[in-house]
Amino acid sequence: MKQLKNTLYILTPETYLSLQNEAIAVKVGGTEKVRVPASTSILSSASATSPSPLR
């Protein structure tokens, strides 16, 4: 399995990312939903059950 580095995949429509200070802000429809420190590893994998979309 190929390991991906320094890549952030966003699959939710109308979702935008921005870097604010030392954090990555995720905005959906203009509303900030989550802010994650830029140094944090974010791992996501596809499974039989889809994760809940950010709404």
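**Exercise 1. Which residues form a nonpolar patch on the surface, and how much accessible area do they have together?**

Solution. Keep in mind that this is a predicted model.

- Step 1: Find Leu8, Ile10 and Leu17, which make up a nonpolar patch on the surface.
- Step 2: Together, these three residues have about 220 Å² of accessible area.
- Step 3: Leu17 has 39% relative accessibility, so it counts as partly exposed, the class between under 20% (buried) and over 50% (exposed).

**Exercise 2. Describe the secondary structure of the protein and the order of its elements.**

Solution. 

- Step 1: Count the elements: there are three strands and zero helices.
- Step 2: Starting at the N terminus, write the order as β-β-β.

**Exercise 3. Work out how the strands are joined.**

Solution. 

- Step 1: Take β1 (residues 15-20) and β2 (residues 23-28); they run antiparallel and are joined by six bridges.
- Step 2: Check a pair of residues here: Val28 in β2 stands opposite Thr15.
- Step 3: Move on to β3 (residues 31-37), which is antiparallel to β2 and joined to it by six bridges.
- Step 4: Check a pair here too: Ala25 has Arg35 in β3 as its bridge partner.
- Step 5: Look at the turns. The hairpin of β1 and β2 has two residues between the strands, and the hairpin of β2 and β3 also has two residues between its strands.
- Step 6: In the hairpin of β2 and β3, Gly29 takes a positive phi near 60°.

**Exercise 4. Where do Glu14 and Asn21 lie, and are they buried or exposed?**

Solution. 

- Step 1: Recall the background: most residues other than glycine have a negative phi.
- Step 2: Glu14 has a positive phi near 60°, and it sits in the segment before β1.
- Step 3: The relative accessible area of Glu14 is 59%, so this residue is exposed.
- Step 4: Asn21 also has a positive phi, near 60°, and its place is the loop between β1 and β2.
- Step 5: With a relative accessible area of 73%, Asn21 is exposed.

**Exercise 5. What share of the residues is buried, and what share of the accessible surface belongs to carbon and sulfur atoms?**

Solution. 

- Step 1: The protein has 55 residues, and 11% of them are buried.
- Step 2: Its accessible surface is about 5,100 Å², with 53% belonging to carbon and sulfur atoms.

Key
Residues numbered from 1 in each chain as written. Predicted model: local features only at pLDDT ≥ 70, side-chain atom pairs only at ≥ 80, totals over all residues. Heavy atoms only, no water. Pairing = 2+ DSSP bridges. Helix = DSSP H or I, 4+ residues; strand = E, 2+ residues; numbered from the N terminus. Patch = residues over 30% accessible without salt bridge, like charges linked within 9 Å, V, L, I, M, F, W, Y side chains within 5 Å. Areas by Shrake-Rupley, 256 points an atom, 1.4 Å probe, with all protein chains shown as cover. Salt bridge = Lys/Arg side-chain N within 4 Å of Asp/Glu carboxyl O. Buried < 20%, exposed > 50% of the residue type's maximum accessible area, 1.4 Å probe, protein only.
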